[in-house]
Amino acid sequence: MNRNLVSTMMLANHPLLRGVALACTVVALIALMWQSDEPVQPIDAAALRGQSEPDGFVVNGRYLSFDDTGKLTARFESPRIEQFEADNLATMESPRAQLFTEGETEPWRLSANSGVLQDNNDLLELEGNVHVIRNTEGGRQVTLTTTRLTLDNGSRTVFTDAPVELTDAFSVTRAIGMKGWLDDRILELDSQVEGRYEPGQQAKP
């Protein structure tokens, strides 16, 4: 158990310790105020909470997802996550995700400008400058870019009906809409598929 958590629990169960701790805190605060040349500004709770008025929020938050055996399957991170209990969802600023698949050492990496995580069905909807990067066993890096993408972590699939572009060191492929199965490493492009292959092109550093 975390040492800080143990200390907090001990204070909660001992009124005398709580009183001593409170007195020390007040003395330290007065000393800091006395030494500071700048006036102490009160915390603006409304500004910290934000205009969207969430039920709760986390700064520099992390969300982990595990399978039935307890193995980590996904890690989501965001500088700010806001939770809305009535809608059973959480919004993410600049979300970053790592998706772990069986038999691969390198995770898939996802990033976007914003994201919405629906807790009831384990869906993450990404929007704005969406990038999906996968490193293959042969050392090739494949990048998918689109404007919006949905990750269904329950079925381990990603899909979109927006235009997509797939690039690697040798080719560029464009299409409208796609669906991918992460664990099977299968990608299906929907329509208007066109590509360009350049076998002599070297990978970018």
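Which residue forms a salt bridge with Asp183, and how far apart are the closest N and O atoms? The partner is Arg156, and the closest N and O atoms lie 3.4 Å apart. A salt bridge here is a side-chain nitrogen of Lys or Arg within 4 Å of a carboxyl oxygen of Asp or Glu.

The model is predicted: local features need pLDDT of at least 70 and side-chain atom pairs count only at pLDDT 80 or more, while totals for chains, interfaces and linings use all residues. Residues are numbered from 1 along each chain as its sequence is written, and side-chain values use heavy atoms, with hydrogens and water left out.

**Salt bridges**

| Pair | Closest N to O distance |
|---|---|
| Asp161 and Arg148 | 2.8 Å |
| Asp183 and Arg156 | 3.4 Å |

Asp183 lies in the loop between strand E10 (171–181) and strand E11 (186–197), and Arg156 in the loop between E8 and E9, so the pair ties together parts that are 27 residues apart in sequence. Strands, labelled E, are DSSP runs of at least two residues, numbered from the N terminus. Relative accessible area is classed as buried (under 20%), exposed (over 50%) or partly exposed (in between), using a 1.4 Å probe and protein chains only. Arg156 is buried at 9%, and Asp183 is partly exposed at 33%.

The salt bridge of Asp161 with Arg148 links distant parts of the chain, with Asp161 in strand E9 (residues 157–167) and Arg148 in strand E8 (residues 141–152), 13 residues apart. Asp161 is exposed, with a relative accessible area of 54%, and Arg148 is partly exposed at 38%. In the remaining tabulated pair, Arg80 and Glu82 are both buried.

**Strand pairing**

Two strands pair if DSSP finds at least two bridges between them. Strand E2 (residues 72–84) and strand E3 (residues 89–93) are antiparallel and share five bridges, with Ile81 opposite Met92 in E3. These two strands form a hairpin with four residues between them, and Asn88 in the turn has a positive phi of about 55°. E3 also runs antiparallel to strand E6 (residues 114–118), again through five bridges; there, Met92 stands opposite Gly115.

Strand E4 (residues 96–99) and strand E5 (residues 108–111) are joined in the antiparallel sense by four bridges, and Leu99 has Trp108 in E5 as its bridge partner. Three bridges connect E5 to the antiparallel strand E7 (residues 123–135), where Ile133 stands opposite Arg109.
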